[in-house]
Amino acid sequence: MVDDAVAPGKASRPDASPLILHAASEVVGFAKTGGLADVVGSLPCVLARHGYPCVVMTPLYRSTRAARVPMQATPHRVRVPLAGREIAGAIWQSTLADGEVPVYLVEQPEFFERDDPVSGAGLYQFTRLDGTRVDYPDNAERYAFFCQAVVQAIERLGLRPAIVHAHDWQTGLLPVYLQKPGHPGADGAGIHTVFTIHNIAYQGVFPAEVLPRIGLDWRLFNPEQLEFYGQLNCLKAGIVFAERITTVSARYALEIQTPYFGCGLQGVLSARRDRLTGIVNGVDYRIWNPAHDPLIASRYDSSNVSEGKAICKAALQRRFRLPEQPRAPLLGMVSRLVEQKGLDLLREAAPPLLAEDGVQLVVLGDGEPAYRRMLQELQARYPQQVGLALTFDEGLAHQIEAGADIYLMPSLYEPSGLNQLYSLKYGTVPVVRATGGLADTIVDVTPETLASGTATGFCFTAYAGSALLEATRRALALYRGDRERWLQVVRTGMSQDWSWDRSAREYQKLYDQLLAPAD
Ligand code: ADP
Ligand code: GLC
């Protein structure tokens with residue numbers, strides 16, 4: 001099929017504007033399990049505003065249809081050879097929330113329309129009868145299909161991306177496919193590649209036998225390229241094949257070069273450290289701003305934060321049938337229920353905290369059965385103090401950010417983290433473990449930081465329940481004991497600007513370096 005469509009965004013912009021193509025497995029508004037979706041739904045809008053037009057490509061899931069975003073079919077089809085079959089797909093078109101940045105969705109019902117919250121089937125995993133979650137056995141094929149569909153869609157749609165920016169393991173093979181002979185990025189055709197690691201713990205590791213099934217040459221299966229302890233590693237593919245690698249905070253960029261955080265890839269990353277940059281995530285204040293958030297009980301800003309939060313807190317207490325006590329400190333958490341998020345620390349710290357009179361805890365989360373059970377037990381033990389929603393609920397996430405006094409984020413590791421940044425804006429003081437992006441974004445309350453007006457939260461270092469307990473107790477003491485100082489910390493957080501503008505400029509700098517003519 002020959003298509004001569006003009007690259008979106010190009011018509012109205014000077015020809016010199018480079019087109020950036022973002023490819024990711026989830027995009028907010030279409031499908032979401034975590035912060036990756038938020039990033040890919042927001043960053044391209046800001047880049048476009050700054051003169052770097054973007055398009056986004058993502059799979060069309062069942063939840064995408066359920067989200068009811070307006071989408072149009074395009075006449076374009078892809079056909080990907082996979083495991084001896086030819087798999088067909090279709091391309092749909094929509095836009096990001098700004099109504100400007102085009103989103104191309106890859107439709108392939110067999111691969112992408114199996115998610116179903118009722119039966120516990122997610123984007124990447126399904127739930128066994130015993131409640132455990134396991135990866136779909138054909139994830140390698142599903143995302144290898146997606147990557148190859150992106151390569152074909154570039155040609156079919158007549159796009160001329162200057163840069164293909166891939167995110168996380170699901171698109172790690174994209175830089176590899178782009179460079180295959182005859183493909184758009186091959187032979188110095190001028191497509192540059194950037195790969196962002198949002199979470200190094202998820203690598204997309206598959207048995208070597210999958211290689212020929214997904215159209216990759218055995219010659220690539222060596223320790224310098226795709227091989228990882230005898231298996232195929234998709235995240236490593238992105239790290240090795242992309243020209244530039246980024247991750248989502250400066251601290252995490254250093255951490256992942258160490259054995260503890262690197263999850264086996266520390267050597268590969270250290271070897272490419274001159275290509276690795278840490279750029280912290282930003283917040284989309286169109287979506288996360290209590291001054292105009294339609295999902296919360298009352299709108300507020302720093303001038304009326306006490307009144308606004310009081311209304312939101314009462315609404316949250318009602319929602320969870322907790323006693324409507326205005327001065328009971330309410331701790332909140334919104335999280336994927338996985339080891340990363342420090343739930344093992346909560347298990348230890350919650351009982352002594354809840355033993356204190358009046359402390360309330362509200363948790364919204366979805367994930368591993370062991371953590372679901374732990375939270376259910378906590379609620380059964382303290383029914384008057386614990387509110388629990390074991391589901392995925394965007395509206396409730398906003399209501400917890402607005403209604404809680406204190407936000408808990410005791411992560412084992414945290415590449416960037418968005419919820420602590422949302423909490424700052426909602427005047428909900430974060431208690432965080434100082435790791436990755438949490439260390440880079442939250443300033444611990446001390447006499448010095450209070451005096452200098454820089455304190456925004458409570459940080460602790462040791463990965464121990466006692467450390468979370470101690471930090472939360474410090475927060476509770478200030479909340480109860482010094483209203484004026486508490487409000488100072490709240491307002492400092494609310495006044496900070498974590499919008500995407502600054503971080504988008506960092507990405508632009510990186511793109512400019514790639515696009516600069518070679519000497
Ligand atoms: P991660 O990407 O590791 O999950 P982030 O802090 O970067 O962590 O982003 C998490 C995002 O996912 C936030 O937008 C948060 O509100 C959202 N989220 C996580 N769990 C849920 C849930 N159960 N319901 C609604 N939103 C959730
Ligand atoms: C990952 C990380 C989180 C980060 C998000 C978006 O899921 O766990 O820290 O904010 O990606 O980059």
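Q: What makes the pair formed by leucine 418 and ligand 1 a polar contact?
A: A polar backbone atom of leucine 418 is 2.8 Å from an oxygen atom of ligand 1. A polar contact is a pair of N or O atoms within 3.5 Å (within protein, one must be able to donate a hydrogen and the other to accept it, and residues adjacent in sequence count only if both atoms are side-chain atoms), so this pair qualifies. Glycine 35 also has a backbone N or O atom 2.6 Å from a ligand 1 oxygen, and a side-chain N or O atom of lysine 32 is 2.8 Å from one.

Q: How much of ligand 1 does the protein bury?
A: Taken alone, ligand 1 exposes 560 Å², and the protein buries 94% of that. These accessible areas come from the Shrake-Rupley method with a 1.4 Å probe; for residues, only the protein chains shown count as cover.

Q: What kind of model is this, and how are its parts numbered?
A: This is a predicted model, where local features need pLDDT of at least 70, side-chain atom pairs count only at pLDDT 80 or more, and totals for chains, interfaces and linings use all residues; side-chain values use heavy atoms, with hydrogens and water left out. Residues are numbered from 1 along each chain as its sequence is written, while chains are lettered from A and ligands numbered from 1 in the order in which they are written.

Q: Which residues come closest to ligand 1, and what makes a residue near?
A: A residue is near if one of its heavy atoms lies within 4 Å of the molecule. Of the 22 residues around ligand 1, the closest are Gly35, Asp38, Arg336, Lys341 and Thr391.

Q: Which classes make up the ligand 1 shell?
A: There are seven nonpolar, eight polar and seven charged residues. Ala, Val, Leu, Ile, Met, Phe, Trp, Tyr, Cys and Pro count as nonpolar, Asp, Glu, Lys and Arg as charged, and the others, Gly among them, as polar.

Q: What makes the contact of asparagine 281 with ligand 2 polar?
A: A polar side-chain atom of asparagine 281 lies 2.8 Å from a ligand 2 oxygen, so the pair meets the polar contact limit.
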